[in-house]
Amino acid sequence: SGPAPRLRRWRPNATAGKGVGEVCAAVVEAATKVEDEGEEDEPVAEDRYALGGACRVLAGMPAPLGATALAGGVNFAVYSGGATAAALCLFTPEDLKADRVTEEVPLDPLMNRTGNVWHVFIEGELHNMLYGYRFDGTFAPHCGHYLDVSNVVVDPYAKAVISRGEYGVPARGNNCWPQMAGMIPLPYSTFDWEGDLPLRYPQKDLVIYEMHLRGFTKHDSSNVEHPGTFIGAVSKLDYLKELGVNCIELMPCHEFNELEYSTSSSKMNFWGYSTINFFSPMTRYTSGGIKNCGRDAINEFKTFVREAHKRGIEVILDVVFNHTAEGNENGPILSFKGVDNTTYYMLAPKGEFYNYSGCGNTFNCNHPVVRQFIVDCLRYWVTEMHVDGFRFDLASIMTRGSSLWDPVNVYGAPIEGDMITTGTPLVTPPLIDMISNDPILGGVKLIAEAWDAGGLYQVGQFPHWNVWSEWNGKYRDIVRQFIKGTDGFAGGFAECLCGSPHLYQAGGRKPWHSINFVCAHDGFTLADLVTYNKKYNLPNGENNRDGENHNLSWNCGEEGEFARLSVKRLRKRQMRNFFVCLMVSQGVPMFYMGDEYGHTKGGNNNTYCHDSYVNYFRWDKKEQYSELHRFCCLMTKFRKECEGLGLEDFPTAKRLQWHGHQPGKPDWSENSRFVAFSMKDERQGEIYVAFNTSHLPAVVELPERAGRRWEPVVDTGKPAPYDFLTDDLPDRALTIHQFSHFLYSNLYPMLSYSSVILVLRPDV
């Protein structure tokens with residue numbers, strides 16, 4: 001086929017005052033003119049270039065950052081303020097596997113640099129090529145500089161990252177950290193969205209399902225063609241629709257290295273809270289893997305979102321902008337650290353990494369360059385990938401002052417009494433301000449995990465601009481204690497049922513700013529919460545030191561899964577009690593994958609490192625324990641059928657009335673273990689909800705309603721299927737009749753540790 005052509009460098013002409021598109025057109029036009037005139041251009045590299053067709057090196061443009069496909073070629077732009085020299089490194093997929101750069105394009109500091117952005121335009125065909133960068137400059141970790149020309153680093157703006165193709169399998173030579181490179185985009189998209197549009201549900205109407213993508217279908221019992229992938233999960237979306245879920249919160253799906261621990265142990269990074277690149281979907285979560293330079297992975301993620309939307313399910317991403325996989329000074333140089341460490345990370349004066357994340361480093365979120373990067377990333381996932389919102393892991397880090405904080409540069413003037421140092425919590429964090437007021441992100445769901453590993457706890461106080469909601473950790477803690485019968489929490493429990501107005505009302509927020517949950521990925525599952533008093537984390541390899549010690553759990557009388565029948569019955573009641581509480585509380589309910597059938601992790605409350613059945617959704621167990629699954633499905637449906645259980649604002653006395661064992665007489669004393677309320681509802685008329693968390697049964701007097709009678713719907717004290725009385729239950733009328741002597745007297749008996757829901761019906 002003959003020798004491959006060399007890259008040729010374009011000599012710049014005047015393009016001042018032109019826009020990006022005009023300049024790129026001028027670049028191509030000028031380069032074509034040079035070629036037509038037969039002028040000899042300066043060769044860039046002596047090595048043969050591995051591509052077909054003519055390729056030339058042109059000046060390029062500094063915006064947008066990343067690799068951008070344009071007419072005639074690709075523009076590359078990357079920020080690096082400290083670099084004294086830079087080079088674009090191009091790879092074929094084969095050369096990347098061999099850890100060999102196919103072609104290296106040195107960038108001219110005069111022609112290929114504008115401000116602190118290095119840029120170049122490669123005219124020609126770059127299909128099926130990958131790229132990275134070398135940067136030269138100061139390598140002095142004691143000063144925070146890691147510019148090392150021996151490293152080829154990933155562009156922070158790369159839209160797909162290619163390294164290993166198969167999940168859990170090292171590269172050649174058992175290398176867990178092979179060379180990585182970014183995908184070079186095409187000027188066109190091959191994906192058909194089929195008219196997909198954002199669902200834009202009001203947040204008050206959401207029922208959120210926290211899901212691990214790989215774990216959802218990886219178990220053999222899922223019986224899907226591509227287990228553990230986006231396309232595998234698509235085949236199970238109908239299950240989520242039947243469950244009553246209308247929003248999936250995906251645990252991290254950005255590119256990460258599941259083998260990052262494997263150099264020293266057999267542990268896997270299963271959860272994925274260790275991001276390598278924030279623009280790239282996790283290629284090993286896809287059936288195509290690294291095929292087609294990662295484009296198939298992008299399309300598979302899009303397919304998942306599109307198919308979820310078809311079923312009326314929104315998709316929220318769990319994003320980890322608090323730290324990256326590069327760790328501290330002993331961690332690898334992959335991307336941000338080798339591009340501009342002092343910009344992207346919070347550093348102490350001698351180069352030490354601040355560790356507010358508990359994972360070795362802290363992303364420098366409120367630095368001007370970094371906050372623009374984060375906003376660009378969020379915009380990309382909304383506009384290009386069609387996601388509906390974001391849950392921000394350890395979001396309090398995003399409110400901390402950046403390294404070398406200077407309020408003059410941030411706000412344009414000094415702040416009176418300003419004593420802000422690196423990491424100081426800011427009242428008006430610039431990043432949160434930018435995200436909250438960004439025109440493209442308007443209407444997108446924004447959920448903060450309002451704490452961090454550095455001790456900053458902001459639940460109810462996160463800077464919000466009236467658009468941010470929060471994982472309500474206080475709801476979790478109060479509900480756990482009241483349901484297990486701890487004294488002193490009746491009043492706090494009532495606040496939780498109302499959407500936590502003590503946290504959100506004074507700041508101008510609404511009940512739906514509270515994301516209510518009892519269990520999540522970290523901590524006990526719902527089944528383990530009622531089975532274990534202690535954590536059992538020895539399989540994690542840290543001598544049981546990891547994971548939360550204060551779980552507020554109760555084993556219902558015996559430790560572990562093997563227990564007396566009476567204990568197991570109580571555990572079933574308690575799981576239902578927690579789920580009833582979630583579904584009747586104002587705010588947004590969220591529950592964790594598998595809790596709907598009682599998934600257990602054997603008392604391990606920190607399963608971040610297990611790629612096994614411990615973290616896999618057990619489709620076989622779902623069928624085995626179908627009673628709880630049925631109950632959860634019916635409760636989510638009941639919530640949607642009740643207008644009063646998802647209010648726009650906090651309930652008032654006009655529609656909500658509190659009760660004790662007698663109507664209108666609530667007991668808020670220290671030793672109260674009974675909370676009940678009635679709620680007027682436009683669809684149901686009125687509902688009555690009661691929780692008896694005492695070890696003693698109780699007979700409850702119901703509110704009198706002339707010409708109406710109370711009819712039981714839910715009673716967790718009864719065995720399935722009588723725990724939820726559906727209209728199609730064969731002996732429903734007989735079941736209700738058995739309690740008629742109580743109901744005729746406006747009474748209802750409640751078992752210990754039980755909850756009930758009754759609905760007001762016409763007395764006929």
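Two rings of Phe, Tyr or Trp, the last by its six-membered ring, pair if their centres lie within 6.5 Å, and planes over 60 degrees apart count as edge-to-face. The legends below describe a predicted model.

**View 1. Aromatic pair F579 and F591.** Across the whole structure, a search finds 61 aromatic pairs. In the one shown, the ring centres of F579 and F591 are 5.1 Å apart and the planes stand at 70°, so the pair is edge-to-face. F579 belongs to helix α15 and F591 to strand β23 (residues 588-592). The two residues are 12 apart, and the pair links distant parts of the chain.

**View 2. Crossing of helices α15 and α17.** Helix α15 (residues 565-584) and helix α17 (residues 626-641) have axes that come within 10 Å and cross at roughly 15°. With angles under 35 degrees counted as roughly parallel, α15 is roughly parallel to α17. Their crossing is right-handed. On the α15 side the contact is made by K572, M575, R576, F579, V580, L582, M583 and V584. The α17 side contributes E627, L628, F631, C632, M635, T636 and R639. By class, the residues of this contact are 10 nonpolar, one polar and four charged.

**View 3. Open sheet of five strands.** The strand order is β6-β5-β9-β13-β12, with antiparallel pairing. β6 (103-107) and β12 (161-162) stand at the edges; each has a single partner strand, so one side of each lacks a neighbour in the sheet.

**View 4. Pairing of β12 with β13.** Two bridges join β12 to strand β13 (residues 181-183) in the antiparallel sense. V161 is placed opposite G182 in β13.

How values were computed. Residues are numbered from 1 along each chain as its sequence is written. This is a predicted model: local features need pLDDT of at least 70, side-chain atom pairs count only at pLDDT 80 or more; totals for chains, interfaces and linings use all residues. Side-chain values use heavy atoms; hydrogens and water are left out. Two strands pair if DSSP finds at least two bridges between them. Helices (H or I, at least four residues) and strands (E, at least two) are DSSP runs, numbered from the N terminus. Axes are lines fitted to C-alpha atoms, for helices over the stretch in contact, and angles run from 0 to 180 degrees between N-to-C directions. Angles under 35 degrees count as roughly parallel, over 145 as roughly antiparallel, 65 to 115 as roughly perpendicular and the rest as oblique. A crossing is left-handed if the near helix is turned anticlockwise from the far one by less than a right angle, and right-handed if clockwise. Contact means heavy atoms within 4.5 Å. Ala, Val, Leu, Ile, Met, Phe, Trp, Tyr, Cys and Pro count as nonpolar, Asp, Glu, Lys and Arg as charged, and the others, Gly among them, as polar. Rings of Phe, Tyr and Trp (its six-membered ring) pair if their centres lie within 6.5 Å; planes under 30 degrees apart count as stacked, over 60 as edge-to-face and the rest as tilted.
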